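Subject: Structure for you to look at

Hello,

Here is the structure I said I would pass on. Please open it first and then read the notes below it.

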Amino acid sequence: MATLQSLAFYSPVSHYSHQVPSFAGMTSGAIRSAGSSFSGQTLHLSCSQYAPQRRKIQMSRLCVMMVKPTIQFIQGTDEQTVPDVKLTKSRDGTNGMAIFRFDEPSVFDSSGEVGEITGFYMTDEEGTLQSVDVNARFVNGKPAGIEAKYVMRTPRDWDRFMRFMERYANANSLQFVKS
């Protein structure tokens with residue numbers, strides 16, 4: 001939340017209310033921001049060195065978007081059921097696998113309305129991790145669950161997956177239990 005508040009200070013509305021005068025034609029002077037303890041050094045510019053009399057200064061603006069970590073089976077439709085996740089990792093640490101088990105997932109309720117299950121998508125602010133290794137479990141001809149596997153082939157894949165799981169766990173009040 002602090003990030004959003006600090007970004008609001010640099011929003012276009014607050015930017016225009018604190019504009020610094022133009023440098024055009026200035027021969028000397030000091031610039032000091034009213035809201036900052038920083039004071040700049042004296043500038044010595046002659047008009048011949050500063051040929052363009054009016055120059056628009058464009059400021060780049062940083063836009064940070066916080067994305068809630070989600071799991072989807074149909075892109076654009078978040079899965080509401082929180083899965084049971086089991087992790088395995090090779091002894092040398094180069095690869096691993098995550099097995100997600102969903103009991104009575106919400107995708108079965110909406111799959112007829114929005115489309116078919118196209119894969120397993122884990123989305124957060126870094127992007128999307130995906131797998132097509134998805135299997136449905138049926139009991140008496142009715143869908144009862146889904147098992148999805150995500151394979152990590154490099155230590156980099158493992159680290160990326162763990163960052164996603166940390167965010168997903170925090171958003172869904174989960175905790176890691178070592179067995």
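The side chains of arginine 167 and glutamate 125 form a salt bridge, with 3.1 Å from N to O. A salt bridge here is a side-chain nitrogen of Lys or Arg within 4 Å of a carboxyl oxygen of Asp or Glu. This pair links distant parts of the chain, 42 residues apart: arginine 167 is in helix α4, and glutamate 125 is in the loop between β7 and β8 (127–131). Helices (H or I, at least four residues) and strands (E, at least two) are DSSP runs, numbered from the N terminus.

Arginine 167 counts as partly exposed because its relative accessibility is 22%. Glutamate 125 is also partly exposed, at 38%. The cut-offs are under 20% relative accessible area for buried, over 50% for exposed, and in between for partly exposed (1.4 Å probe, protein chains only).

The model is predicted: local features need pLDDT of at least 70, side-chain atom pairs count only at pLDDT 80 or more, and totals for chains, interfaces and linings use all residues. Residues are numbered from 1 along each chain as its sequence is written, and side-chain values use heavy atoms, with hydrogens and water left out.

A salt bridge also joins the side chains of arginine 163 and glutamate 126, at 2.8 Å from N to O. Arginine 163 belongs to helix α4 and glutamate 126 to the loop between β7 and β8, so this pair ties together parts 37 residues apart in sequence. Both count as partly exposed, arginine 163 with a relative accessible area of 35% and glutamate 126 with 37%. Salt bridges that share partners join Asp124, Glu125, Glu126, Arg160, Arg163 and Arg167 into one network.

Arginine 160 lies in helix α4 and aspartate 124 in strand β7 (residues 120–124), so the pair ties together parts that are 36 residues apart in sequence. In total, the structure holds 8 salt bridges.

Helix α4 (residues 155–171) also contains methionine 162. With a relative accessibility of 31%, methionine 162 counts as partly exposed. Leu87, Met162 and Phe176 make a nonpolar surface patch of about 280 Å². Patches are made of residues with over 30% relative accessible area and no salt bridge, with like charges joined within 9 Å and nonpolar side chains (Val, Leu, Ile, Met, Phe, Trp, Tyr) within 5 Å. Accessible areas come from the Shrake-Rupley method with a 1.4 Å probe, and for residues only the protein chains shown count as cover.

Regards
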